[in-house]
Amino acid sequence: MADYTKLAAEVRTKFGKGAARKLRAADKIPAVVYGHGTEPKHISLPGHETMLLVRTANAVVDLDIEGAAQLALVKDVQRDPVRQIIEHIDLVVLRRGEKVTVDVPVVVEGESFAGTIHVQDLNTVSLLVLATDIPEHVVVDVEGLEDGKQIVASELTLPEGAELETDADALVVQIVTPRGTADDDAADEASAEAGAEAGAEGGSEPVSE
């Protein structure tokens with residue numbers, strides 16, 4: 001059985017902007033837990049521990065809601081657009097053994113063929129996975145891949161038991177030669193050749209005295 005971050009939560013009885021400001025001033029974060037036909041529970045979470053938790057996508061937390069244990073998935077984190085402080089968190093009730101659909105980050109590793117770069121078209125892919133076994137990310141290895149190579153979603157190596165929900169033909173990563181590089185090289189070579197020819201022709205003309 002996996003170990004999850006445990007957070008002690010308190011039930012909230014006061015709502016509104018004023019109540020939320022007081023909570024945040026006390027280093028607590030307003031949140032709500034819902035799902036599986038249960039009544040939504042309005043709670044507050046400890047500020048510092050929660051901020052560390054949500055650094056990971058699709059974080060699962062073992063809540064202690066005033067003595068009642070509840071496993072939950074962080075579904076949405078609402079932040080102040082300017083200060084980026086967490087204003088509110090939505091959590092979804094989890095049941096061990098069930099599967100959930102989550103968006104998992106795509107991480108590119110390796111170096112493509114010399115002179116090329118990779119362009120990432122999808123930053124996340126949607127997977128159906130066990131709620132208690134959500135991967136942190138999916139890796140795409142581009143080591144040595146040459147210009148023109150494309151990797152679509154169906155070619156990704158998924159964690160055991162995970163099912164792809166994203167369109168199988170969706171482009172994830174492509175390898176390209178930076179625009180202008182090949183053309184500039186060809187233009188430089190052509191210019192050098194033209195200069196050499198002009199120099200040769202000029203050298204054959206007689207010099208007037």
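**Close-ups of charges, loops and contacts**

**View 1. Glu 109, Glu 111, Asp 141 and Glu 143 make up a negative surface patch.** A patch here takes residues with over 30% relative accessible area and no salt bridge, with like charges joined within 9 Å and nonpolar side chains (Val, Leu, Ile, Met, Phe, Trp, Tyr) within 5 Å. Areas come from the Shrake-Rupley method with a 1.4 Å probe, and for residues only the protein chains shown count as cover. Glu 109 sits in strand 7 (residues 99-109) and is partly exposed at 41% relative accessibility. (Buried is under 20% relative accessible area, exposed is over 50%, and partly exposed is in between, with a 1.4 Å probe and protein chains only.) Strands (E, at least two residues) and helices (H or I, at least four) are DSSP runs numbered from the N terminus.

A quick note on what you're looking at: this is a predicted model, where local features need pLDDT of at least 70 and side-chain atom pairs count only at pLDDT 80 or more, while totals for chains, interfaces and linings use all residues. Residues are numbered from 1 along each chain as its sequence is written, and side-chain values use heavy atoms, leaving out hydrogens and water.

View 2. Asp 80 is buried, with a relative accessible area of 12%, and its side chain reaches the backbone nitrogen of Val 82 at 2.8 Å. That's a polar contact: N or O atoms within 3.5 Å, where within protein one must be able to donate a hydrogen and the other to accept it, and residues adjacent in sequence count only if both atoms are side-chain atoms. The side chain of Asp 80 also pairs with that of Arg 83 in a salt bridge (3.8 Å, N to O), and Arg 83 is exposed at 59%. Gln 84 is partly exposed at 45%, and a polar atom of its side chain lies 3.4 Å from the backbone oxygen of Pro 81.

View 3. The rule asks for a side-chain nitrogen of Lys or Arg within 4 Å of a carboxyl oxygen of Asp or Glu, and the count comes to three.

**View 4. His 36 and Glu 66 each have a positive phi without being a glycine.** Most residues other than glycine have a negative phi. His 36, at about 60°, is in the loop between strand 2 (28-35) and strand 3 (38-46) and is partly exposed at 43%. Glu 66, at about 50°, lies between strand 4 (60-65) and strand 5 and is exposed at 56%.

**View 5. Thr 166 and Ser 112 are buried loop residues.** The side chain of Thr 166 reaches the backbone nitrogen of Ser 126 at 2.7 Å. Ser 112 and Val 142 are 30 residues apart in sequence and 5.4 Å apart in space, C-alpha to C-alpha.

Technical notes. Lys and Arg count as positive and Asp and Glu as negative; His and the chain ends are not counted. The place of a charge is taken as NZ of Lys, CZ of Arg, CG of Asp or CD of Glu.
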